[in-house]
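Me: I have a structure open and would like to talk through it with you. Could we take it piece by piece?

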Amino acid sequence: MCESVMNRTGSLLHRLKTEPEFRLRFLTFLCLVWSFFILGWILGQFGPSIFDLQYITNTDLEGASFYYISHNVGYLIGSLISAVLIGRCDCNFLLFVTMCIYGISVFTIPWCYLPPAMLVAQAIRGLSGGLLDTVANSELLSLFGNQVSPYMQAMHFAFATGGIISPLVTAPFLTEQYDNGGNSSIINQSSLVMQTGNIQLDNISYHLNNLTTVERNTTFHTSKDSHIFIPYTISGFLAMSSSVSFLLVYIKSRRLAKRHIDEVKIDRNERRLSFLVKLVILTIMSIIFLLYTAMEDTIGAYVATFCVEQMAMTKEDGSYVTAVFWTFFAFGRLTGIPISNIVKSIPLVGIYSSLLVISFLLLSFSPMINSSVTVWISTAVTGFAMSILFPTLFTWAEEDFLLVTGKIASLFIMTSTLGSITSPAALGYLIEEVSPMWYSYILLGESVGVIIFFVIAIILKKKLPQLNDNNDRFNKEINIDADSSPERSVLMDVPENKVT
């Protein structure tokens, strides 16, 4: 295996030296990796800073939760817009504009003192993030085709890395907060905030590290002026640096086009499918994407609540369990880079999805045996098992089913965002009104759902050649019938000069 890796590295370096077009594609890939690092950075910044945003807009926690909703709506709209723009304009130029808008929105957020202004800024931030997420995944597939797997894993590992580092950078600039009662319950500045009731404030599945539960009706105040503008300014400059990188790549690509450099043929799946077959495939894959993001967001939002309310663990332990999840999640994405270069997408999805079911079964049995150790083990296995599924689903769709165009990538991102909204919101109600055990039940059900639709997709893949043959035979019969129709026979028997 080491020899194979060395050969691939040598081949990569040789192509970078001798092929200008490949060098440009690899440079674009590096820009995409940097932009995804920033995407994870900015998304991971929202959770720790929610109380400061609440303070500068003079609103309560329930009002501040609408900032999260506004962001998610913007994310959906951004994914939808990207489906229209991809193919109609150069992706590098589109990403240049997107990252520029992303940076401006992040710059303005800490200066939006009015709640309506904050809602607009969060919506624009979400719209830019949705555009970036969709366009980057689609562009990476168009750059590397069927060889995209390790590049996709690397880009999503950068995303996870940004999400881990961001809260650590943001923490020193957060203000201390205390409730408006007599108790002096200080919220640790490095913590991420989670709602245990109807209002759920996780950040599209990317809240990282420490979480602490907060009473729903608590209003927080700060003991000094907020300095949240400092980390947001850093984030804005990072986004702007990504914008400049895409502009430079765009200029370089235009120069190569003027020199008429021959393009390297990209090996991509261009299987002809009937409308019905394509619809079934897209439905199955979209459901798997939805279930995946629903699980990821649910864990990020409620694992600490489950530990505290169901397992009688301390809030500090709940925070550490959450940190374990995200640590193994990032580690899994790092190891996924070489693994995906060796193992095909189908075995990866099957193995990692099966690990998810096993880990959630272990989690469900934890209260029965009253063991917190199984919670730690289950959470670590879950983080590792979930790590590479999202990028692998993209490459699996490209390898075995259909060409993942901008519209299809947009569909996958939109359904993923819907999963990140609906599942945690429903679970918040079930935990409060029924039992915290619903956390494990919902996750187990969603993981089994992934397995079921994975098996359906495998069966469909095996049937694709037969379905395509039947479709071709049907089209051929239609053509034959058209050629042998009485009207056509009469016309063919008439001399040409007598046909009017």
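**Notes on the model**

Reply: We can start with I42, which lies in helix α2 (residues 20-56). Helices here are DSSP runs of H or I with at least four residues, strands are E runs of at least two, and both are numbered from the N terminus. This is a predicted model, in which local features need pLDDT of at least 70 and side-chain atom pairs count only at pLDDT 80 or more, while totals for chains, interfaces and linings use all residues. Residues are numbered from 1 along each chain as its sequence is written, and side-chain values use heavy atoms, with hydrogens and water left out.

Me: Is I42 buried or exposed?

Reply: I42 is buried, with a relative accessible area of 2%, where buried means under 20% relative accessible area, exposed means over 50%, and partly exposed is in between (1.4 Å probe, protein chains only).

Me: And how far apart in space are I42 and L238?

Reply: From C-alpha to C-alpha they are 9.5 Å apart, although 196 residues separate I42 from L238 in sequence.

Me: Stepping back, how many helices and strands does the protein have?

Reply: There are 15 helices and four strands in the protein. Of its 500 residues, 53% count as buried, and the accessible surface comes to about 22000 Å², with 65% of that belonging to carbon and sulfur atoms; these areas come from the Shrake-Rupley method with a 1.4 Å probe, and for residues only the protein chains shown count as cover.

Me: What share of the contacts join residues at least 24 apart?

Reply: Among contacts between residues at least 6 apart in sequence, the share is 83%, with contact meaning heavy atoms within 4.5 Å.

Me: How many disulfides?

Reply: The structure holds zero disulfides, a disulfide being a pair of cysteine sulfur atoms within 2.5 Å. As for individual cysteines, C31 is buried at a relative accessible area of 7%, and C307 is buried at 0%.

Me: OK, on to α4. How many residues does α4 have, and what does it reach?

Reply: Helix α4 covers residues 91-108, has 18 residues and reaches 26 Å from its first C-alpha to its last, close to the 26 Å expected at 1.5 Å a residue. That expected span is 1.5 Å times one less than the number of residues in the helix.

Me: Which residues of α4 are buried?

Reply: The buried residues of α4 are C91, N92, L94, L95, T98, M99, Y102, G103, S105 and V106. They cover an arc of only 165° around the axis, which puts them on the same side of α4; the arc is that of the directions from the helix axis to the C-beta atoms. An α-helix has 3.6 residues a turn, so residues three or four places apart point the same way.

Me: What caps the N-terminal end of α4?

Reply: D90 does, with a side-chain oxygen lying 2.9 Å from the backbone nitrogen of N92.

Me: What about α6, how many of its residues are buried?

Reply: In α6, 16 of the 22 residues are buried, so the helix is largely enclosed by the rest of the structure. Helix α6 spans residues 149-170 and reaches 32 Å from its first C-alpha to its last, close to the 32 Å expected at 1.5 Å a residue.

Me: Now F390. Where is it, and what does F390 touch?

Reply: F390 is placed in helix α12 (residues 389-400) and counts as buried at 7% relative accessibility. Not counting residues up to four places away in sequence, F390 touches H156, F289, Y292, T293, R333, I413 and S416.

Me: Last topic, the loops. Where is N58, and is N58 buried or exposed?

Reply: N58 is found in the loop between α2 and α3 (61-85), and it is exposed, with a relative accessible area of 73%. N58 also has a positive phi of about 55° although it is not a glycine.

Me: And where is R272?

Reply: R272 has its place in the loop between α7 (229-258) and α8 (275-310), and at 61% relative accessibility R272 counts as exposed. The C-alpha atoms of R272 and F401 are separated by 9.7 Å, with the two residues 129 apart along the chain.

How values were computed. Polar contact = N/O pair within 3.5 Å; in protein donor to acceptor, adjacent residues only side chain to side chain.
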